[in-house]
Amino acid sequence: MKYPKTKEVLNQLVADLTQLHMVVHQHHWYMRGNRFLKLHPYLDKVMDELADQLDEVSERLITLDGSPVSTLSEIAAKTKIPDEKGNWDETIDERYAKIIDDYHYLDQLYEEGIKVSDEEGDYSTNDLLTGFHSDVEKRIWMMSGEINKAPEIDPE
């Protein structure tokens with residue numbers, strides 16, 4: 001089998017991108033506060049970006065003769081992004097902090113995918129993941145700035 005480690009990371013990304021999309025969607029639904037009108041539509045854009053990444057990662061996995069996880073039970077079993085029941089008791093800053101934590105995990109997973117795809121010589125996947133990695137780091141920076149935090153991508 002060609003690119004086994006790359007395929008495994010791609011499938012992990014399928015599960016985690018699906019889960020993160022749901023987490024963001026939940027916060028989008030349960031958000032309240034004085035920045036609601038600005039941040040609610042912003043999370044629509046975040047979800048669109050996650051959906052685009054999910055589609056491209058899944059299609060790349062299929063291109064490599066892999067089989068993406070595609071049921072809720074598979075995703076729930078495989079994802080490493082936690083979920084919790086929706087509630088109205090969190091501030092917008094608390095919601096964003098949770099999403100940012102999940103994005104930091106995604107950032108590390110993209111880095112792992114970049115490394116293993118390079119080691120296995122899958123340069124097309126490497127290119128795809130490198131672009132998404134940059135997008136994730138920018139998203140971390142922008143969301144962190146909204147809650148008056150540093151992105152902490154490469155803290156000193």
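Trainee: Let's start with Phe132: is Phe132 buried or exposed?
Mentor: Phe132 has a relative accessible area of 9%, so it is buried. Keep in mind that this is a predicted model.

Trainee: Thanks! And which ring does Phe132 pair with?
Mentor: With Tyr110: the ring centres are 6.0 Å apart and the planes sit at 55°, so the pair counts as tilted. The two are 22 residues apart, with Tyr110 in helix H4 and Phe132 in helix H5.

Trainee: How accessible is Tyr110?
Mentor: Its relative accessibility is 0%, so Tyr110 counts as buried. Beyond its neighbours within four places in sequence, Tyr110 is in contact with several residues, including Leu13, Leu17, Val57 and Val136.

Trainee: What about the largest nonpolar core, how many residues has it?
Mentor: That core has 41 residues, and Tyr110 is among those with the most contacts inside it, as are Leu13 and Leu43. Helices H1, H2, H4 and H5 each supply at least two of its residues. H4 gives the largest share, 11 residues.

Trainee: Switching topic: how many cavities of 30 Å³ or more are there?
Mentor: One, and the space in the largest cavity is about 30 Å³.

Trainee: What kinds of residues line the largest cavity?
Mentor: Four polar and four charged ones, with no nonpolar residue. Among them are Gln26, His27, Glu84 and Arg95.

Trainee: Last one: how many aromatic pairs are there?
Mentor: Three. In one of them, Tyr30 and Trp88 have ring centres 4.6 Å apart and planes at 45°, so this pair is tilted. Tyr30 is in helix H1 and Trp88 in the loop between H3 and H4. Trp88 counts as partly exposed because its relative accessibility is 44%.

Terms used:
Residues are numbered from 1 along each chain as its sequence is written. This is a predicted model: local features need pLDDT of at least 70, side-chain atom pairs count only at pLDDT 80 or more; totals for chains, interfaces and linings use all residues. Side-chain values use heavy atoms; hydrogens and water are left out. A nonpolar core is a set of buried Ala, Val, Leu, Ile, Met, Phe, Trp, Tyr and Cys residues joined through side-chain atoms within 4.5 Å. Buried means under 20% relative accessible area, exposed over 50%, partly exposed in between (1.4 Å probe, protein chains only). Helices (H or I, at least four residues) and strands (E, at least two) are DSSP runs, numbered from the N terminus. Contact means heavy atoms within 4.5 Å. On a 1 Å grid over the protein atoms alone, a cavity is a set of points where a 1.4 Å probe fits but cannot get out, and a pocket is an open set with protein on both sides within 12 Å along at least five of seven lines; lining residues have an atom within 4 Å of a point. Grid points are joined across faces, edges and corners, and a volume is the space filled by probe spheres set on the points. Ala, Val, Leu, Ile, Met, Phe, Trp, Tyr, Cys and Pro count as nonpolar, Asp, Glu, Lys and Arg as charged, and the others, Gly among them, as polar. Rings of Phe, Tyr and Trp (its six-membered ring) pair if their centres lie within 6.5 Å; planes under 30 degrees apart count as stacked, over 60 as edge-to-face and the rest as tilted.
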